[in-house]
Protein chains: 6
Amino acid sequence: MNWRLLLQGSVKFACMESSSNIGVLVGVPMDYTSTYKPGSRFAPDYIRNASCNIEFYSLSTGRIMESEGFIDLGNIILPPGDVGKSLSIIQSVAEGAWREYQGIPLGFLGGEHLITYPIVSGLIDGIDTLVVFDAHLDLRDEYLGSRLNHASFLRRLVEKGVRVIHIGSRAYSGEELEYLKTLENIKVYSVLDVLEKTVEAAELGRVYISIDMDVIDPSYAPGVGNPEPFGLTPLQLLGLLKKIVGSSSRLVGFDIVEVNPLVDVNDVTSILAGKLVFELAALARGGR
Amino acid sequence: MNWRLLLQGSVKFACMESSSNIGVLVGVPMDYTSTYKPGSRFAPDYIRNASCNIEFYSLSTGRIMESEGFIDLGNIILPPGDVGKSLSIIQSVAEGAWREYQGIPLGFLGGEHLITYPIVSGLIDGIDTLVVFDAHLDLRDEYLGSRLNHASFLRRLVEKGVRVIHIGSRAYSGEELEYLKTLENIKVYSVLDVLEKTVEAAELGRVYISIDMDVIDPSYAPGVGNPEPFGLTPLQLLGLLKKIVGSSSRLVGFDIVEVNPLVDVNDVTSILAGKLVFELAALARGGR
Amino acid sequence: MNWRLLLQGSVKFACMESSSNIGVLVGVPMDYTSTYKPGSRFAPDYIRNASCNIEFYSLSTGRIMESEGFIDLGNIILPPGDVGKSLSIIQSVAEGAWREYQGIPLGFLGGEHLITYPIVSGLIDGIDTLVVFDAHLDLRDEYLGSRLNHASFLRRLVEKGVRVIHIGSRAYSGEELEYLKTLENIKVYSVLDVLEKTVEAAELGRVYISIDMDVIDPSYAPGVGNPEPFGLTPLQLLGLLKKIVGSSSRLVGFDIVEVNPLVDVNDVTSILAGKLVFELAALARGGR
Amino acid sequence: MNWRLLLQGSVKFACMESSSNIGVLVGVPMDYTSTYKPGSRFAPDYIRNASCNIEFYSLSTGRIMESEGFIDLGNIILPPGDVGKSLSIIQSVAEGAWREYQGIPLGFLGGEHLITYPIVSGLIDGIDTLVVFDAHLDLRDEYLGSRLNHASFLRRLVEKGVRVIHIGSRAYSGEELEYLKTLENIKVYSVLDVLEKTVEAAELGRVYISIDMDVIDPSYAPGVGNPEPFGLTPLQLLGLLKKIVGSSSRLVGFDIVEVNPLVDVNDVTSILAGKLVFELAALARGGR
Amino acid sequence: MNWRLLLQGSVKFACMESSSNIGVLVGVPMDYTSTYKPGSRFAPDYIRNASCNIEFYSLSTGRIMESEGFIDLGNIILPPGDVGKSLSIIQSVAEGAWREYQGIPLGFLGGEHLITYPIVSGLIDGIDTLVVFDAHLDLRDEYLGSRLNHASFLRRLVEKGVRVIHIGSRAYSGEELEYLKTLENIKVYSVLDVLEKTVEAAELGRVYISIDMDVIDPSYAPGVGNPEPFGLTPLQLLGLLKKIVGSSSRLVGFDIVEVNPLVDVNDVTSILAGKLVFELAALARGGR
Amino acid sequence: MNWRLLLQGSVKFACMESSSNIGVLVGVPMDYTSTYKPGSRFAPDYIRNASCNIEFYSLSTGRIMESEGFIDLGNIILPPGDVGKSLSIIQSVAEGAWREYQGIPLGFLGGEHLITYPIVSGLIDGIDTLVVFDAHLDLRDEYLGSRLNHASFLRRLVEKGVRVIHIGSRAYSGEELEYLKTLENIKVYSVLDVLEKTVEAAELGRVYISIDMDVIDPSYAPGVGNPEPFGLTPLQLLGLLKKIVGSSSRLVGFDIVEVNPLVDVNDVTSILAGKLVFELAALARGGR
Ligand SMILES: [Mn+2]
Ligand SMILES: [Mn+2]
Ligand SMILES: [Mn+2]
Ligand SMILES: [Mn+2]
Ligand SMILES: [Mn+2]
Ligand SMILES: [Mn+2]
Ligand SMILES: [Mn+2]
Ligand SMILES: [Mn+2]
Ligand SMILES: [Mn+2]
Ligand SMILES: [Mn+2]
Ligand SMILES: [Mn+2]
Ligand SMILES: [Mn+2]
């Protein structure tokens, strides 16, 4: 089946038609494995709407992007409640978009964090380092009887041999900490590490960045599935993104997940997510 | 596996311990196949909390129920996002509770309407007539690529030969109306029929009642997944319930589904659902 | 102490200065004995604000009231959490206003239903019949260890010998129903009675009307402390008010209680309460 | 200037592309003259989104409309806060659409009620009767120093000689009632008239229907700019619409105004508005 | 026309009557040119109400202000939707208050940022430096066909020759950056400049301060029309205000704009705005 | 009366049964003396629910606590609106729990700050230092005619000779500052002191910690009764708690008060409160 048939139209990101293309966007409205408040299925369109009311300007690069734009492919059509089929469809779309838009960063708007599993699986040959920003490790083996969910997705990717840098964590299960000790291919910077140490980001190669918005403190990003206190500030995140993209040979793609617009205040979490899309595209382009 | 292990504790319905037992209650916090706003997973506990702030009185029977009570078994533990396994667990619990509590009405607090499928499947030998109250027929063959979801559950039960009386409908797809013409074992009273005709309820035998709260007008029950205008009033529903229970040989069980507390106002939909539990138990007991 | 010193200014009802005076208004922002969601303390000012955005027109009489107005005395100043002292202050203000504004209906904006106890106690010599609209009887002897609260206020008044007509009830405790059997001086019309029988209202003499807004169905008045399904419609209430005022020798005063603006939707309950103030004043004036 | 350049794209009504066309839709996101809570500017898109989650079925006609569709032209682009220029643009679009889509009903999604003024002005030669549903008369001469606003729009049209049937009113200023006595070309049915009398609808000719959603009771339509108690039920409105379209030679167009999604509950007012669009299109087509 | 007739009463700021006067306050409830969520018209009264629940204490000066007070003139009466007439009225009131209350700081509570245009125009002879705090430059030439709106107000003032210090910006259009290069009389400190450089504030002379609350990070001030991430903290703003007032010969006046209470959480943005009024008055008075 | 009879069950903290016990928890749902928005009565259960969705991990100690647990005694049953009786009951429970659970920290979940008065009164012989975190001093002599309320509780304790360290204040009445000058047994660190000085914490002995959640900035803890800008960050509070517990001979007990879940956003304030319970228990246990 043609991967484009798996998509449906929607308001375009930033309400703009693309000319000079700086990124390809796909919405992934999946939230079936959420264990607390569902609602991240609505995030892609809230982020798009929010992006229509902000300036085309990137703070991290100083770049004005009014003459540039995104190819927004719309949202993936998913069978409600069918996780297996959904993951397969997401992977097909990720692979299709990757083949078609060579050299342009692919941005995915979640949805829950589980979507990173099929996306990275689909792009796996093009990625040297997966950088994850998250308050949680998502390294459980299984959760409530399921091996494929938002709390175990990274374990599934680690098992596939993906090299990971994980930044911003501050909530762990004992099982995850035990498992972590057995791993060599993952580097974890807790939120305390970010405050106290330098995040080493050398020779990352081709990078894919996954941002679970709960890495940011709930004061800045209240509208997430599992708000976790003691988080990063947006400026700290921006500095780290700049460093990582700057240390990479290329930004292959990124996702922004776990925004839940139904529990947000004045759409500030969607606005911040939309802003990060602009910033990541500008950083990938280079600047300042 | 012992079916009791599939349950977890919770606040008790009406905040009371049972003595003279007039009903067994089970919460079924499943909402993965919701196609619009999810959140009915929270309904069982909201309904329980609401029931703690209302009088133990039934308007339809005039019965004071302070000296009677429910056995509240808590909520079924479900694997998030795994529909197949969830349905199997729900059916196990329904069967287990049915065997154990012979002669006492079983009440299920949804969750989405799909839960009626495994419940009725589990109790099928004990049911002569399934009475469904719903704004929708839920008779689609499949929906967004899935055959087991809230919009097709009744078709799956009709295919099993269950005899159905359906009351309150007012929104149809063409497919459903075509399918309906081929069926003999179902009687449909639209909301207009309820206003204009008499609902015939004779020789119902052992009855199971499934109430999709969207059968009630959104003015009275705004907190549902798919509010549909032009619905029944609570007093109309109460009159119909009284007639149906009165025409049955026995009320085997009932469910109240599709309450979504996250989009409600002042918990009025949860309160009304809690009230219906009292009324159904009182009606089953006989009265006035 | 001068009773006027117990009051503080506020936005005026209907945002108007009075000329021809058709009513005296007092806000009573007390909600300490609420057992569920507190917030009725904010009702007086929400009702006043709502009244500024509606026409000076009464549907029940057809009277335009633009050239008439209310004397709005503001809100009573109450010591937070001190029920005894608060009731004493409320009674002082009620007595003071009654002496000063002879012949003009006194309207009190609650606040919880307990405020009716000191008000009616203060005006007791001037009242022949107390007409209460309420989903509940409020006839408990005590509640959670307290004899003076919103659930027992009417018992305290009945014990003082006040003659009562109670309309709209639909939720009872066993204790209340037992107590009711022992009483002669109270006539109770349940919500079913209102639908099926005629409310007899003859020789009421001087009437005080207390409206617990939960007498109205929660679809019309969701913003109340204890929403109770199966209630009156606003038009039914309006018809009953017209009948009662018409059957009285005089409307001495009225209160509107239990509005909780913090759990309302789009202020519809405050607007309806404000509308009732207009209607009661117009009915007292006579009309159509 | 080409009138199509005054429009911008948006989610399509009912999320469908038209084939057999039964109506042309235009969003008019104007709310600058609102005197209470603004927000009706967001209504066109909320109504469209709501319409994507309801069945393509009309209760008043029994018509399934899945094979039919609307031409949705998107929203008119308006200069924020510039009333004069905005009215001129709206009239241009109304005239342009009317010339281009001869014989197809034009539906306008407001926005505030003032938009009816430029729309009807633009279509005036094609309209024999303007039928207005509204809790208010909107017949003030001026309001807070302005002659063109939501509270005076109908006076401006009456001054142009438009023949009007007005249904559902229940809140009047003295000025409006005085003015009404001087008019011959308007027939007013108050909400009490609707309950007690027959609405005479003969020889209406070509009809334009304007529905201020506050004509409906706030229990069913809480999300409006000025909720007014004692309103119509949706079924009463549906019956009246059926009668009026049935008595007309043709439904030229209609608007649905004053929905304010920012103060709604669970989008029920937007859903009801979307439903009315389906019903009006089905009625215009004839049915049952 | 007497400028005082253009005002209407309201709850007084801090619920206090003034004795020793430290500021004159005027509410300006205008939000017609808002391009996203309107609602700042409600800010003056929300800020006043919030100010009644906070201590009369200024953190920046250590000053207790219980024995001091404000003259609160109430809100300006504006014709809804008529921008031109509204600006003229605002300027009249600003001029009138300035003439009457010589030597006392004038504080204006918006409303949208456009109100700064008529205010500063009215006071222009008494101002040497306009200090603007804003996430945005508001230097567009026109916006959606209008030259007088919240996004262009500062350009209109710059064109009049006003000397400007602009602090806290972080979102620019290309047009604004181009225009900025042509200007000499404006000094811009972006939010990054505030973090990295010293804001030079020497020889400011008589200063007017305009605070668009979106200069503060949305985590602290979520209730604004256009939340913009990466903003100032309240303590950073307080430090800058102290520096600027300390470097001025006098604080002529100030405004606080773009608070939108309808999208706030627990009124924290209104509370912070009220706090800033206290702080500015205390700073003008001198302290610590 | 047996103090255990004064308690009622509830969801257990962290949804866990205790094994190795690290703390005893009691809910104190009292909010009758709230002068602004009531609702802290609901905090104990919101905090418990929030605690069920966070990891059993303490950031300040690095301790995993999955194998440890709390004894959660449920909520104290209080007579609504009866302050005197309520305080007496709370003190009884505090004394009873203290006698029974020697050596285990007692944690109290408020409710309003007044609850600290009976708790500390009950434990007074076991406490050497009371450490209070609060934006306010709560040292008024009386407030609105009452001597026992949330704004005067600390004065009542100081009068009993309790030694106090007060941290985080930033809003004072003149009366409080005057009174403070007369005291020797209290050390006050304002929020500015925390930023600029070292908090001296030596020889504290047996410590009781009372945390009014408004000590934290409203951006992190919006859901409180009286949000006060310019507050501590959660990380600053965590550092101070670590220092204080580390400087004590023992943590006797603690309370977390003034959370108001009814005005929170996405339960972030309840989550943070729940997190602090974990952190305090882990700190009491020692760690890192
Ligand atoms: Mn994650
Ligand atoms: Mn996470
Ligand atoms: Mn259904
Ligand atoms: Mn349904
Ligand atoms: Mn009552
Ligand atoms: Mn009641
Ligand atoms: Mn209108
Ligand atoms: Mn209207
Ligand atoms: Mn601005
Ligand atoms: Mn701005
Ligand atoms: Mn305190
Ligand atoms: Mn405090």
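How many residue pairs are in polar contact across the interface of chain A and chain B? The rule finds two such pairs, both at pLDDT 80 or more. The legends below refer to a predicted model.

**Figure 1. Interface of chain A and chain B.** The view shows the contact between 18 residues of chain A and 18 residues of chain B. About 1600 Å² is buried between chain A and chain B, and carbon and sulfur atoms give 61% of that area. On the chain A side, Pro38(A), Arg41(A) and Pro80(A) supply 33% of the area buried against chain B, more than any other three residues. The side of chain A that touches chain B is made up of eight nonpolar, six polar and four charged residues.

**Figure 2. Interface of chain F and chain A.** Here 21 residues from chain F meet 27 residues from chain A. The area that chain F and chain A bury between them is about 2000 Å², with 65% of it on carbon and sulfur atoms. Within chain F, the residues that lose the most area to chain A are Glu55(F), Leu59(F) and Asn266(F), which together account for 28% of what that side buries.

**Figure 3. Polar features between chain F and chain A.** Three salt bridges are counted between chain F and chain A. In one salt bridge, the side chain of Lys37(A) meets that of Asp267(F) at 3.4 Å, N to O. Seven residue pairs are in polar contact between chain F and chain A, both residues of each pair being at pLDDT 80 or more. On the side of chain F that touches chain A, the elements giving two or more residues are H7 and helix H8 (268-285) of chain F. The most is given by H8(F), with five residues. By residue class, this side of chain F divides into 12 nonpolar, three polar and six charged residues.

**Figure 4. Manganese site of chain A.** The manganese ion (ligand 2) is held at 2.1 to 2.6 Å by donor atoms of four residue types of position, listed here with their atoms: Asp134(A) (OD), His136(A) (ND1), Asp212(A) (OD), Asp214(A) (OD) and Asp214(A) (OD). Along the chain, the donors of the manganese ion (ligand 2) follow the spacing D-x1-H-x75-D-x1-D. The manganese ion (ligand 2) and the manganese ion (ligand 1) lie 3.3 Å apart and are bridged by Asp134(A). Asp134(A) is in the loop between strand E5 (129-133) and helix H4 (153-159) of chain A, and Asp212(A) is in strand E8 (residues 205-212) of chain A, so the pair ties together parts that are 78 residues apart in sequence. Are these two side chains buried or exposed? Asp134(A) is buried, because its relative accessible area is 0% and the cut-off for buried is under 20%. Asp212(A), with a relative accessible area of 3%, is also buried.

**Figure 5. Manganese site of chain F.** Asp134(F) coordinates both the manganese ion (ligand 12) and the manganese ion (ligand 11), which are 3.3 Å apart. Distant parts of the chain are linked by His136(F) and Asp214(F), which are 78 residues apart. His136(F) is in the loop between strand E5 (129-133) and helix H4 (153-159) of chain F, and Asp214(F) is in the loop between strand E8 (205-212) and helix H7 (234-247) of chain F. His136(F) and Asp214(F) are both buried.

**Figure 6. Surroundings of Phe153(F).** Phe153(F) belongs to helix H4 of chain F. With a relative accessibility of 0%, Phe153(F) counts as buried. Which residues is Phe153(F) in contact with, leaving aside its neighbours within four places in sequence? They are His113(F), Leu114(F), Thr116(F), Tyr117(F) and Asp138(F). Phe153(F) and Ile115(F) are 38 residues apart in sequence, and their C-alpha atoms are 8.3 Å apart in space.

**Figure 7. Chain pairs without contact.** Chain A and chain C do not touch, and their nearest C-alpha atoms are 17 Å apart. Chain D and chain F do not touch either, with 17 Å between their nearest C-alpha atoms.

Note on methods. Residues numbered from 1 in each chain as written. Chains lettered and ligands numbered in written order. Predicted model: local features only at pLDDT ≥ 70, side-chain atom pairs only at ≥ 80, totals over all residues. Heavy atoms only, no water. Donors = N, O, S within 2.8 Å, 3.2 Å for Na, K, Ca; no water. Helix = DSSP H or I, 4+ residues; strand = E, 2+ residues; numbered from the N terminus. Buried < 20%, exposed > 50% of the residue type's maximum accessible area, 1.4 Å probe, protein only. Contact = heavy atoms within 4.5 Å. Buried area = accessible area lost by both parts, 1.4 Å probe. Polar contact = N/O pair within 3.5 Å; in protein donor to acceptor, adjacent residues only side chain to side chain. Nonpolar A, V, L, I, M, F, W, Y, C, P; charged D, E, K, R; others polar. Salt bridge = Lys/Arg side-chain N within 4 Å of Asp/Glu carboxyl O.
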